[in-house]
Amino acid sequence: MTQGTQSIHRETFVLNLGPQHPATHGVLRIKLTMDGEYIEDAEPVIGYGHRMQEKMGENRSYAKYLPNTARLDYVAAMFNTHGYVCAVERLAGIAVPERAEFIRVITAELNRVASHLLWVGAFLVDLGGFTPLLYTFDDREQILDLLEATTGARLTFCYYRFGGVCNDIDDDFVAGTRKFIAHLRSRMPMYHAFITKNIIFRKRCEEIAVISAETCRKFGATGPVIRGSGVAYDVRKLEPYSVYPRFNFNVPVYPEGDCMARYRVRMDEIEESLRILEQALDQLPGGPVMAEKVPRILKPAKGDCYFNVESARGTFGVRLVSDGTDKAYRLKLRSPCFSNLSLFQECSRGLLLPDALALLGSLDLVIPDIDR
Amino acid sequence: MIPQEIIWEVVRLTLYVVGLIAFAAFNAAYLSLAERKVPALFQLRYGPKEVGPYGLLQPVADGLKLMSKQLLVQDGTDVFLFKLAPVMVIVPAVMCLAVIPFSETVSARNISLGLLAVFSFSSVHVLGTMLGGWASYNKYASIAAARVVAQNIAYEIPLLLVVVALVMATHTCNLHEIVDQQAGAFWHWNVFRFQVSPLMPVSFLLFFICMLAEANRAPFDMYEAESELVAGAFTEYSGMGFGLFFIAEYANIVVGCSMATVLFLGGWHCPFGLLPGLHWFLIKLYVLCFCVIWVRWSFPRTQFYTLLNLSWKLLIPLAFINLVLTAVMLKIFG
Amino acid sequence: MWNYLKEIWLGTYSLMVGMWITLRLTFHRPVTVQYPYQTLKLPARFRGHVQLPLDANGKPKCVACMACARACPSNCITMEGHKPEGATRRELSKYTLDFTTCSLCGLCVESCNFDALEFSKDYNLASLDKGDYVMDLLKPAGKEQPK
């Protein structure tokens with residue numbers, strides 16, 4: 001604000017963005033204090049979709065909680081299940097067969113690609129371009145078809161089990177995935193020409209809503225948000241789990257910290273995921289997909305464990321405390337969207353309303369994951 | 001005793017007004033269908049196809065739905081202005097159509113200042129939209145009202161500068177005469193009139209961009225930005241209140257595209273010098289309308305300051321260069 | 001100045017490329033499926049609601065061991081069994097699925113040791129009556145479809 005405008009009597013007004021608003025992608029409400037179109041303060045109000053997921057995890061047995069994990073972040077349901085399953089396996093000391101680990105990586109990476117494709121389309125809708133959404137949906141549908149043929153569901157997969165996965169993948173799946181990799185690789189130049197290079201898109205994203213690495217650290221932001229601010233934080237590299245260390249892939253990092261950097265990180269991650277998929281399909285071993293001797297009613301010994309996975313939106317963590325019974329004593333879910341949203345209040349100050357919505361879109365929020 | 005010619009003129013004009021309103025409404029109906037069918041082609045889907053063959057009766061269903069809805073008025077609304085605004089938006093759009101020569105014979109009024117009339121009427125709809133947004137007593141609509149004024153002022157300047165250069169070249173404001181000067185094949189059209197100004201194609205592009213912004217079309221639909229302002233200035237309108245805004249939006253597109261056809265693309269003249277007539281005008285008009293829809297579904301929305309920067313930093317200087325160049329060329333070769 | 005002009009040119013070029021891409025895809029065949037007229041083939045592993053497959057004698061294979069009811073996270077399976085005189089195994093007398101609470105996780109089918117449960121391929125389940133969703137799976141097939 002310059003000196004001149006400050007001397008005039010300034011009046012701010014409160015704008016309720018949500019809970020029903022086209023840009024919030026769910027029941028998120030943001031109380032904006034606005035000075036004209038400039039945002040002075042933005043207070044996210046969450047909890048409209050609270051389902052007590054953590055308490056549910058403490059009230060039902062380990063196996064019965066499995067379907068719930070797919071309903072946290074329903075756009076990338078594999079990762080939630082992966083985190084929970086790995087945590088229980090660590091607690092109960094179950095070894096997973098190698099083939100099952102490979103299948104887990106393959107399905108999880110397919111889900112990551114699907115999630116990022118959905119995000120690209122939804123982000124463009126936030127910016128007012130509707131057509132890219134339909135193109136990305138076309139590609140995403142092919143992934144969902146593949147996953148549906150294997151897991152039986154298109155969104156809430158519930159595919160992993162303690163000690164493996166519930167169904168083996170077949171040759172059709174392998175061939176279909178290879179075909180899809182080739183197909184998506186041929187589509188990527190189209191996306192870059194249609195979206196990335198588009199001058200209007202660049203003007204809406206470049207140098208808009210810059211988030212510094214410091215702010216990211218302060219608020220615990222993870223995933224593409226922190227990688228778009230120049231920090232190469234990726235659980236798959238730093239605390240490798242499953243069979244990720246066997247694959248050769250890069251962690252895309254862009255130092256700019258603006259919406260464009262977050263967009264580019266996700267576009268590059270799609271390509272890196274395709275690389276992982278290719279290597280995983282090449283190295284896919286035979287053998288069982290389920291560990292033997294997994295008791296039907298799991299009673300892990302007393303203990304406490306924490307397990308991180310790299311979800312499509314950031315670090316998804318599960319903390320489990322067992323008291324030796326068939327139910328968890330404490331379940332804590334660390335959802336990436338919650339931490340990423342907490343940035344919003346700090347970073348949206350002084351932004352124009354459309355820029356703030358670009359920032360909100362670039363954080364890639366899934367509201368049920370925040371509300372849990 | 002009233003002379004008979006005056007009675008006939010009144011009857012003729014009444015028929016024309018009815019016809020023009022019907023034309024505007026028909027265009028709104030079928031352009032809105034095109035607005036759903038054309039992007040369906042781009043987006044690898046079918047679009048509406050249930051109502052009537054190939055969905056051709058979809059606009060009828062939409063219209064019936066809008067008409068049967070209640071016009072809700074919120075508490076705190078300035079009711080008079082709220083109800084006046086849609087009328088203030090639709091009337092100027094139809095008035096503009098009255099002046100436009102669709103062919104040598106089909107034209108409601110042939111007045112010597114037709115060009116001026118179109119641009120004065122077309123700037124009134126901004127006022128209507130602003131009033132509608134402001135009277136709605138809704139924060140989103142108020143933001144939209146502020147946006148629409150800033151945007152239209154910014155884009156009227158380059159638009160008029162382009163037109164002034166054209167008037168300098170054609171020496172007339174009569175739309176009939178402007179079209180007559182472009183008689184013959186397509187190299188006689190104003191858009192290729194290089195002897196007047198080598199920048200003519202650029203100025204056509206300028207005109208088209210400004211026309212998009214004036215008609216508040218994507219990528220410049222700042223006052224309706226649905227992902228930011230829900231529905232912008234129309235947020236509180238329901239039923240035919242919204243319907244009138246909707247018709248006016250498409251009427252404005254038709255007016256803008258007609259003006260582009262008249263001023264730059266030779267009006268009713270055939271590109272190959274054959275059979276001039278109404279059909280050529282309509283073909284050119286709907287090709288331009290297709291381009292308007294095409295642009296909308298290809299790009300994201302611009303940011304507001306980018307929009308103003310584009311106008312003040314690029315379009316207005318270019319329009320000035322065009323104006324000066326035209327003046328110099330006319331002085332030397334004219 | 002040079003950069004400014006270059007940006008204008010690149011910007012205009014990128015817009016033209018975008019319009020070319022949409023125009024080119026206009027000639028692509030639509031990828032959507034016109035749902036009520038065309039339907040997709042469901043994959044073999046499709047997880048619908050459960051049903052009781054019949055054996056060669058036209059009776060459910062179920063032995064009423066209650067494993068599925070115990071495995072269900074949302075307690076939506078209610079079942080009762082009895083042992084008829086002289087029979088070697090238990091038989092079902094009641095099996096209801098409360099579909100309003102079912103989350104289609106498939107844990108019941110997995111828990112079954114007798115292959116007596118399978119997923120239905122029925123997905124047209126919209127109804128105006130909540131009662132339609134309390135399904136009696138012992139009724140002959142085709143009758144439980146809500147209208």
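Me: How many bridges join S2(C) to strand S3 of chain C?
Reply: In this predicted model, S2(C) and strand S3 (residues 91-98) of chain C run antiparallel. The number of bridges joining S2(C) to S3 of chain C is 6.

Me: Why is one side of S2 and of S5 in chain C left without a neighbour in the sheet?
Reply: The open sheet of chain C has 3 strands in the order S2-S3-S5, with antiparallel pairing. Strands S2 (77-82) and S5 (134-136) of chain C each have a single partner strand, so one side of each lacks a neighbour because both stand at the edges.

Me: What is the average twist from one strand to the next?
Reply: The strands concerned are those of the antiparallel open sheet S2-S3-S5 of chain C. From one strand to the next, the twist averages 15°.

Me: Which element gives the most residues to the side of chain B that touches chain A?
Reply: In this contact, 23 residues of chain B meet 25 residues of chain A. Elements giving two or more residues on the chain B side include H1 (4-42), H6 (139-170) and H9 (226-229) of chain B. With 3 residues, the element that gives the most is H9(B).

Me: What radius of gyration does chain B have?
Reply: Chain B comes to 12 helices and 0 strands, and its C-alpha trace spans about 65 × 55 × 50 Å along the principal axes. For 334 residues a compact globule would have a radius of gyration near 20 Å, which agrees with the value for chain B, 20 Å.

Note on methods: Residues are numbered from 1 along each chain as its sequence is written. Chains are lettered from A and ligands numbered from 1 in the order in which they are written. This is a predicted model: local features need pLDDT of at least 70, side-chain atom pairs count only at pLDDT 80 or more; totals for chains, interfaces and linings use all residues. Two strands pair if DSSP finds at least two bridges between them. Helices (H or I, at least four residues) and strands (E, at least two) are DSSP runs, numbered from the N terminus. Axes are lines fitted to C-alpha atoms, for helices over the stretch in contact, and angles run from 0 to 180 degrees between N-to-C directions. Two residues are in contact if their C-beta atoms, placed from the backbone, lie within 7 Å. The radius of gyration is taken over C-alpha atoms; the globule rule is 2.2 Å times the number of residues to the power 0.38.
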